[in-house]
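The sequence and structure are shown first.

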There are 2 protein chains.
Amino acid sequence: MKIKRIEDSVSLRRSLDQGTEEQRKAVLEVIDAVRTKGDAGLLSYTEKWDGAKLDSLRVTKEEIIQAYEAFPTSINVVIQEAAANIREYHEKQVKQSWLSTKEDGTILGQKVTALDAVGVYVPGGKAAYPSSVLMNVIPAQVAGVERIAMVTPPAADGTVPAGVLVAADILGVDEIYKVGGAQAVAALAYGTDSIKPVDKIVGPGNIFVALAKKEVYGLVDIDSIAGPSEIVVLADETANALEVAADMLSQAEHDERASCVLVTTCGELAERVALEVEKQLSDLPRVEIARASINEFGAIYVTESMEEALRVVNELAPEHLEVMTKEPMNLLPYIKHAGAIFLGRYSSEPVGDYFAGPNHVLPTNGTARFSSGLSVDEFVKKSSIIMYSQQALEDNVDKIAAFARLEGLEAHARAVEARFKKRGEF
Amino acid sequence: MKIKRIEDSVSLRRSLDQGTEEQRKAVLEVIDAVRTKGDAGLLSYTEKWDGAKLDSLRVTKEEIIQAYEAFPTSINVVIQEAAANIREYHEKQVKQSWLSTKEDGTILGQKVTALDAVGVYVPGGKAAYPSSVLMNVIPAQVAGVERIAMVTPPAADGTVPAGVLVAADILGVDEIYKVGGAQAVAALAYGTDSIKPVDKIVGPGNIFVALAKKEVYGLVDIDSIAGPSEIVVLADETANALEVAADMLSQAEHDERASCVLVTTCGELAERVALEVEKQLSDLPRVEIARASINEFGAIYVTESMEEALRVVNELAPEHLEVMTKEPMNLLPYIKHAGAIFLGRYSSEPVGDYFAGPNHVLPTNGTARFSSGLSVDEFVKKSSIIMYSQQALEDNVDKIAAFARLEGLEAHARAVEARFKKRGEF
């Protein structure tokens, strides 16, 4: 692993995968086919791309029972405990409706209402993560969303991984469809005979899923489009090189385009971590993926000061930031951009991936500059409330009318004036 | 104005203007040109499309002074009072960072941080509304955004409307550029020599602006893409037909594709409003626009019951909802989908457009099902905080490792285990 010059940190920014023009066209075709052919379109794409010839899309109760049989009870219990932690954390995010009043009789406020229906995309194959089910479903449930529909591409034999079904069942989600790709997104957005449309689509997916979500955005809401995973470790001389390296590799194993970076004020630590990464890398099951990630998007930066280190961290705006310094909490005020902040040596990043409670769906590729992890906020909407009294309107009608006329909107002015005029004056 | 059958209400849903393939290509070309040519590209597009030959893009202090001279002081005072109301309302939306602790030493929380830089698009020409400046800038300021850059297309003589400049100056915004269209969006997203890039772009614009925002979404954040304005009035027999009609016309005058709808339990009111709309329409300055809107996207529905009326309202999910019933506040719990809710006869919709305090940037065309008006929330992001103690990790390390291994992510499991292993065991 290489110790690089800070000036080169910009090279870590991965170009956003916007897809090719061909991919976009393919996605538009799929969306169009689903809109016109409905379920028949879904079944035919599922046969074409997933190799699964299905009669119906919905996962049955029998399949759930079979999933439990195929699934170790010990893990089942872990999933339940993780779900409880995630639920507890997200419950703290719940916002209340509010009202405020003035003595002229004005009432202003904000009504918080859950979305009616949400679609959760769960990738298939090796990326069919039960943790992804927990992290996407629970915030919606805590928000009060009444209908949650899950879609996931089946294997060629028509099955869905047991872990995904068990996780869904633990959460009480029973509307699950065996369909993936752009066709699943189109079905959730436009609806078919078997899949009623939803108001928002969340969950990770490949480039076709991402492009389809981008296409239907506006008709329905979507979560942000996630890139490959990343970790930045901010460390001083008190950090343990073995632990730093292990945490970096935990991200590197995700994806060849994952990024793991150490920013440290300690040159000696930098060198030890570089060695340690090589050592631990060699016997990882996913060594090839991790090595590619380390080689292309891995970096170690040694800075002159903690101020400089913090500047680099904020420039990188990482998805995951670990702070392994003497007094990590003291640095919190200076961290401006990070999806999740892990403080201290016992807060290894996988603690957050699976168990602690905060969401693992986090902004990637620098988007922590302007966006946040998935939360309850993304499953509610707010309506503003305005209730003026006669007194309040009387006191302000001339100002409001003047402002409206300034903007050339006479009917706006007349509307407020109408309350104080008789028919003849109108 | 026509009294229609409820079943036809679906006809009011306006197809989303996604732009044509030609428009999209034009926008991609513009974005590309701005990325490669920078300011030169901006200046040449401004000459081409706005007819203004400029030497530099930034509005000068002299231009601000001239704007004040050209602007009536009386309105200046109204803008200041409106700004104060808007600021007061949005301050109630500010969310605090929070921490929660457990007795095993765990600290979890959420850090709320303002975005660094925001770009505000202000349309030119007749739609250059000072109120739009207030509504887009103030929430960002209340959130704590340090840099706010405004862009607006100049007239052919190179000027920007005085009202826009005065409103910006009242708010303390002094970074204003005379550039509009897709080129302005591209500049804000990618940066040029004179315009540094921002993290989020907000504000209304034409189809080119909307398409450009959609293109740069992901690199920067954007607000939702707004459609034409709409109002639904929910009224019973206590409502005043003259006032209902006036409020409906206040939306109809905005745009030929604006929509105004009355949903009422009272057939007599329906008939009186229909007549009243015709009467008031005839002498409106923007009669042609309003008439087109009323004819194509106006409707009156008479329902059997208030329950049915509320169902229609929620199906329409309007941008603005006025409730003119005997006890409007009592209906609030049943209103699920609306951008802003105006309760009672003195809460005419323009009260919210200009003055009361809540934001007038609201979800249109049914998107109130899943989205909210512009608020302070859109100008902050949240980082989750995880700090596990040795005890907390020790108690849970096996569960976390088991979950990671279930998902095939060995390096994740080893990372948490690393805290409790000696070198030789690794």
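How many residues does the contact take from chain B and from chain A?

## Extent of the interface

In this predicted model, the contact takes 132 residues from chain B and 131 residues from chain A. The area buried between the two chains is about 11200 Å², and carbon and sulfur atoms give 59% of that area.

## Salt bridges

Over all chains, the count comes to 47 salt bridges. Between chain B and chain A, the count is 18.

Side chains of opposite charge can pair when their charged atoms come close. One salt bridge joins A:R24 and B:E21, with an N to O distance of 3.9 Å. This pair crosses between chains: A:R24 lies in helix α1 (residues 21-37) of chain A, and B:E21 lies in helix α1 (residues 21-37) of chain B. A salt bridge is also formed by B:K399 with A:E81, where the closest N and O atoms are 2.9 Å apart.

## Helix crossing between the chains

Helix α14 (residues 390-406) of chain A and helix α4 (residues 73-91) of chain B have axes that come within 10 Å and cross at roughly 110°. The two helices, α14(A) and α4(B), are therefore roughly perpendicular to each other.

On the α14(A) side, the residues of this contact are A:N396, A:K399, A:A402, A:F403 and A:L406; they meet B:I75, B:V78, B:I79, B:E81 and B:A82 in α4(B).

## A sheet with strands from both chains

Nine strands form an open sheet with mixed pairing, in the order β2(A)-β3(A)-β14(A)-β13(B)-β12(B)-β9(B)-β10(B)-β11(B)-β1(B). Its edge strands are β2 (98-101) of chain A and β1 (3-4) of chain B, each of which pairs on one side only.

Within the chain A part, β3 (residues 107-114) and β14 (residues 380-387) run antiparallel and are joined by eight bridges. A:A114 has A:V380 in β14(A) as its bridge partner. Helix α10 (residues 267-281) of chain B packs on the sheet, where it touches β1, β9 (230-235), β10 (259-264) and β11 (298-302) of chain B. The direction of α10 makes about 160° with that of β11(B).

## The parallel sheet of chain B

Chain B also contains an open sheet of five strands, ordered β6-β5-β4-β7-β8, with parallel pairing. Strands β6 (175-177) and β8 (221-222) of chain B stand at the edges, each with a single partner strand, so one side of each has no neighbour in the sheet.

Strands β4 (residues 117-121) and β7 (residues 200-202) of chain B pair in the parallel sense over three bridges, and B:V120 stands opposite B:V202 in β7(B). Helix α5 (residues 130-143) of chain B lies across β4, β5 (147-151) and β7 of chain B, and runs at about 165° to β5(B).

Notes
Residues are numbered from 1 along each chain as its sequence is written. Chains are lettered from A and ligands numbered from 1 in the order in which they are written. This is a predicted model: local features need pLDDT of at least 70, side-chain atom pairs count only at pLDDT 80 or more; totals for chains, interfaces and linings use all residues. Side-chain values use heavy atoms; hydrogens and water are left out. Axes are lines fitted to C-alpha atoms, for helices over the stretch in contact, and angles run from 0 to 180 degrees between N-to-C directions. Helices (H or I, at least four residues) and strands (E, at least two) are DSSP runs, numbered from the N terminus. Angles under 35 degrees count as roughly parallel, over 145 as roughly antiparallel, 65 to 115 as roughly perpendicular and the rest as oblique. Contact means heavy atoms within 4.5 Å. Two strands pair if DSSP finds at least two bridges between them. Buried area is the accessible area (1.4 Å probe) that two parts lose on being put together, summed over both. A salt bridge is a side-chain nitrogen of Lys or Arg within 4 Å of a carboxyl oxygen of Asp or Glu.
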